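Here is a short report on aromatic rings and how they pair. Please look at the structure first, then read on.

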Amino acid sequence: MYKFIISVCSGMLLAQTSFAQSFDLASEIGSDAPAEEIEVQKNEKAVADDRGIFSFLNFSFIKKPAKEEIEIKEGTQQPAETKVNETPLQKLLRLADEGNANAQLSLGYMYLYGTDGVNVDHAQAFKYYEMAAAQDNKIALNNLGSLYFNGIGTQTNYLKAAQLFARAAELGSDDAAVNLAFIYLSGSNQNKNLDDAVKLLQQAADAGNNTAKFMLGYAYYRGFRVPQDYYKAVSLIRDAAAVNFDEAQYMLALMYINGQGIAQNYGNAIKYLRAAVSQGNVDAITTLADILTQGTMYPRNLIQAHILYNIASVYGAQGAAEQRDALAGKLKIEELLPAQAQAEAFKAKPSELTAYIRQTFGNNIRRYIDENLKQKN
């Protein structure tokens with residue numbers, strides 16, 4: 001279910017479930033806009049955790065490093081005529097050899113992807129990330145840890161990966177903090193380093209990492225390793241919903257419905273559910289369908305409910321097909337046929353952050369937290 005994700009500048013990576021069984025690192029190292037506007041924040045800080053991510057299984061995540069992170073400053077060790085005649089690649093190679101960490105990061109990226117005129121060469125990518133990591137560059141440390149974890153350009157070494165993530169986290173990398181948190185969560189049942197995992201998620205959340213904000217917010221919602229606190233849960237989950245993460249939108253809708261940590265507001269709940277539905281969130285689809293069928297907290301609309309159950313049945317949601325068929329008998333044929341056509345035409349449009357988190361952790365990150373962070377204080 002889980003796939004290996006590695007960052008180019010600042011993403012995260014997650015161990016597969018089998019990792020927890022084979023090695024215990026924890027014991028080795030210390031649609032309508034809602035009434036409350038859903039404004040997807042575009043600034044780089046708000047989406048810090050979906051920059052520069054790629055997966056070997058899905059290259060839709062290929063991005064170049066952020067411009068400010070790869071600015072190359074000229075050295076003075078070579079004669080001017082040499083610099084004038086050199087190609088861009090030669091310049092990068094020279095600067096990297098002179099110790100320029102940004103040039104080393106750029107070359108690591110280029111060889112990892114095979115961009116800008118170079119062929120994919122994982123050994124070379126490893127070499128240049130290792131050079132930059134030797135200078136305590138937090139991006140390089142995080143990326144090198146990912147290479148060790150995935151066995152890319154080197155032999156797989158989980159302990160080395162964890163040590164690199166730990167150092168990068170010490171230097172302020174929120175993405176490395178999340179990586180290390182997942183390593184701690186993936187330990188054996190006897191040795192899960194849960195308290196440290198929560199501290200790392202807090203560190204990453206404080207730095208603006210939206211994945212960490214949602215996970216920590218959900219921990220507060222459930223009362224896992226932290227006191228149950230709906231108000232804190234809302235404040236964290238709302239931030240993740242604001243950058244268009246579907247599970248955060250779904251959870252915020254539930255808290256609006258139940259008045260947990262926020263004033264009860266069915267209108268806002270429906271609009272957050274619709275936002276999650278547009279991204280193909282199955283829980284949101286079935287929840288909204290139930291609400292529209294019952295008509296107790298929002299006007300009844302059997303046509304829309306039928307459309308939603310029909311969509312949910314395609315995703316394999318339990319009981320959705322039966323609910324759809326039950327509603328079909330209550331609709332006129334002139335209502336049913338357009339409803340079926342709308343369901344068939346539905347196409348989920350997940351945000352970049354939603355798509356990334358699904359690819360990394362699966363379609364229900366809450367389940368991962370429930371399974372791995374549920375031990376009480």
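## The aromatic cluster

Which residues form one aromatic cluster? The members are Phe 214, Tyr 218, Tyr 221, Tyr 230 and Phe 245. Keep in mind that this is a predicted model.

## Counting and describing pairs

A pair of aromatic rings is described by two things: the distance of the centres and the angle of the planes. The model holds 9 aromatic pairs. Two of these pairs are set out below.

## An edge-to-face pair

Phe 126 pairs with Tyr 148. Their ring centres are 5.3 Å apart. The planes stand at 85° to each other. That angle is over 60 degrees, so the pair counts as edge-to-face.

This pair links distant parts of the chain. Phe 126 sits in helix α5, residues 122-133. Tyr 148 sits in helix α6, residues 138-150.

## A stacked pair

Tyr 218 and Tyr 221 form another aromatic pair. The centres of their rings lie 6.1 Å apart, with 20° between the planes. An angle under 30 degrees counts as stacked, so this pair is stacked.

Both residues belong to helix α10, residues 210-222. They are 3 residues apart, and therefore separated by about one helical turn.

Tyr 218 is buried, at a relative accessible area of 5%. Tyr 221 has 15% relative accessibility and also counts as buried.

Conventions
Residues numbered from 1 in each chain as written. Predicted model: local features only at pLDDT ≥ 70, side-chain atom pairs only at ≥ 80, totals over all residues. Heavy atoms only, no water. Phe/Tyr/Trp six-rings, centres within 6.5 Å; stacked < 30°, edge-to-face > 60°. Helix = DSSP H or I, 4+ residues; strand = E, 2+ residues; numbered from the N terminus. Buried < 20%, exposed > 50% of the residue type's maximum accessible area, 1.4 Å probe, protein only.
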